[in-house]
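Hi everyone, thanks for coming. Today I'd like to walk you through the inside of one protein, and then through its pockets.

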Amino acid sequence: MKLYYSPGACSLAVHIVAREAGTPIDLVKVDLPKHKLETGADFAAVNPKNYVPAVELDTGDVLTEASVLVQWVAEQAGNTALLPAAGTMERFRVQEWLNFIATELHKTFSWLWHPETEEGTRKTVRGKLAARFAQLDERLGRSPYLAGDHFTVADAYAFTIVNWANFLQVDLKPFPHLSDYLNRVAARPAVRAALTAEGLLKQAA
Ligand SMILES: N[C@@H](CCC(=O)N[C@@H](CS)C(=O)NCC(=O)O)C(=O)O
């Protein structure tokens, strides 16, 4: 299985889940501004949507969308801690969070990555994110992870997106439970391994 990724991008969520599940993956780096692979090949030939993450299966099938890919990897591994069994309330809770992260956080946050986004829009985006962070903070004041007592695929995705705050000067100080959660998730061995493999964390000497 190949994971097309860019360091620290939303593809990191899929990478983390693969490492948490013990699923071997081949990482293929994508130059996002150029939409090229390191070989110089066009990424659009793999994923016509031209964005990461994309997973290429051994069958040659290509699957996309972060919130779906994290579920696919956990399901293939049969890991019901990362993704509870289909049809259960616990599964729907995880999916509820995945959709929240995709639609309320990920795509809102994306605006801050674009240099052409104007200051007025940036201010609106920061306000919307602060409201969503307050909701996450409230939740994480009641349970250690989003869906309850255990780390799930929703936490891999939430960590990946909320961690962008550290690169985009978004203040997390007003959200102590969320800040503590980010630190706890960042300390997980699988997360450290994924960050290190993406060149975002120096290996201990
Ligand atoms: N709907 C997609 C969005 C993926 C996405 O926004 N990917 C970003 C990186 S986090 C990207 O590759 N952007 C490059 C581009 O759109 O040109 C998903 O949820 O996976």
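Before we start, one term: helices here are DSSP runs of H or I with at least four residues, and they are numbered from the N terminus. Please also keep in mind that this is a predicted model.

With that in hand, look at the largest pocket. Which helix gives the most to its lining? That is α3, with 5 residues. Both α2 and α3 supply at least two residues each. The pocket has a volume of about 720 Å³, and 25 residues line it, with A9, C10, L32, W113 and W164 closest to its centre. By type, the lining divides into 15 nonpolar, 8 polar and 2 charged residues. Domain 1 and domain 2 each contribute at least three residues to this lining.

In soluble globular proteins, nonpolar side chains tend to be buried together. Here the largest nonpolar core holds 58 residues, and L105, F109, F133, L136, V153 and L178 touch the most other members.

Let's zoom in on L105. Beyond its neighbours within four places in sequence, L105 is in contact with residues including F100, L129, F133 and I161.

Last stop, the second largest pocket, with a volume of about 150 Å³. Its lining includes M89, E90, R93 and H150, and it divides into 5 nonpolar, 3 polar and 3 charged residues.

Terms used
Residues numbered from 1 in each chain as written. Predicted model: local features only at pLDDT ≥ 70, side-chain atom pairs only at ≥ 80, totals over all residues. Heavy atoms only, no water. Core = buried A, V, L, I, M, F, W, Y, C linked by side-chain atoms within 4.5 Å. Buried < 20%, exposed > 50% of the residue type's maximum accessible area, 1.4 Å probe, protein only. Contact = heavy atoms within 4.5 Å. 1 Å grid on protein atoms, 1.4 Å probe; cavity = no way out; pocket = protein on both sides within 12 Å on 5 of 7 lines; lining within 4 Å. Points joined across faces, edges and corners; volume = space filled by probe spheres on them. Nonpolar A, V, L, I, M, F, W, Y, C, P; charged D, E, K, R; others polar. Domains from an automatic or database assignment.
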